[in-house]
Amino acid sequence: LMQFAESFFHQIFGIAMGTALAPMLANIYMAILEKRLKQQCAKDFQLIWPLLYGRYIDDVLGIMYGTEPDVRYFVDRFNDLVPSIILSIQQIGNSVHYLDITIFKGKRFE
């Protein structure tokens, strides 16, 4: 049971945030989901695995060849794996904010 302001909340799914084991279990669970998606990539010619795919616990950064619909298709397939874990696209373009940094695409990559 948790209280925030005047409201009380009861967690019914997942591991409690703030426990020492939570980050490790989140990493393992996300790795299992990523493995399942990689297996789908081998079967679905439209599903392209990113050129760069990095994750810090539950924050993902990916760089892909392809079009915006290709990126959206990848994200949609990931989101189909487990209803409670949702990837969202923060930005498609020449720069992106990830954690506490901004990453820019240089002119030679256009």
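**View 1. Two aromatic pairs are counted in this predicted model.** Rings of Phe, Tyr and Trp (its six-membered ring) pair if their centres lie within 6.5 Å; planes under 30 degrees apart count as stacked, over 60 as edge-to-face and the rest as tilted. The rings of Trp-49 and Tyr-53 have centres 4.9 Å apart and planes at 40 degrees, so this pair is tilted. For Trp-49 and Phe-74 the centres are 5.5 Å apart and the planes stand at 75 degrees, so this pair is edge-to-face. Helices (H or I, at least four residues) and strands (E, at least two) are DSSP runs, numbered from the N terminus. Together, ring pairs join Trp-49, Tyr-53 and Phe-74 into a cluster.

Residues are numbered from 1 along each chain as its sequence is written. The model is predicted, so local features need pLDDT of at least 70 and side-chain atom pairs count only at pLDDT 80 or more, while totals for chains, interfaces and linings use all residues; side-chain values use heavy atoms, with hydrogens and water left out.

**View 2. Trp-49 is partly exposed and Phe-74 is buried.** Buried means under 20% relative accessible area, exposed over 50%, and partly exposed in between (1.4 Å probe, protein chains only). Trp-49 has a relative accessibility of 24%, and Phe-74 has a relative accessible area of 5%.

**View 3. The largest nonpolar core has 15 residues.** Such a core is a set of buried Ala, Val, Leu, Ile, Met, Phe, Trp, Tyr and Cys residues joined through side-chain atoms within 4.5 Å. Those with the most contacts inside the core include Leu-37, Leu-47, Phe-74 and Phe-78. Helices α1 and α2 each supply at least two residues of this core. Leaving aside residues up to four places away in sequence, Leu-37 touches Leu-47, Trp-49, Phe-74, Arg-77, Phe-78 and Leu-81; contact means heavy atoms within 4.5 Å.

**View 4. The buried residues of α2 pack against α1 and β3.** These buried residues are Tyr-73, Phe-74, Val-75, Arg-77, Phe-78 and Asn-79. Arg-77 lies over the face of Tyr-73, at 4.5 Å from the ring centre. A charge sits over a ring if NZ of Lys or CZ of Arg is within 6 Å of the ring centre and within 35 degrees of the ring normal.
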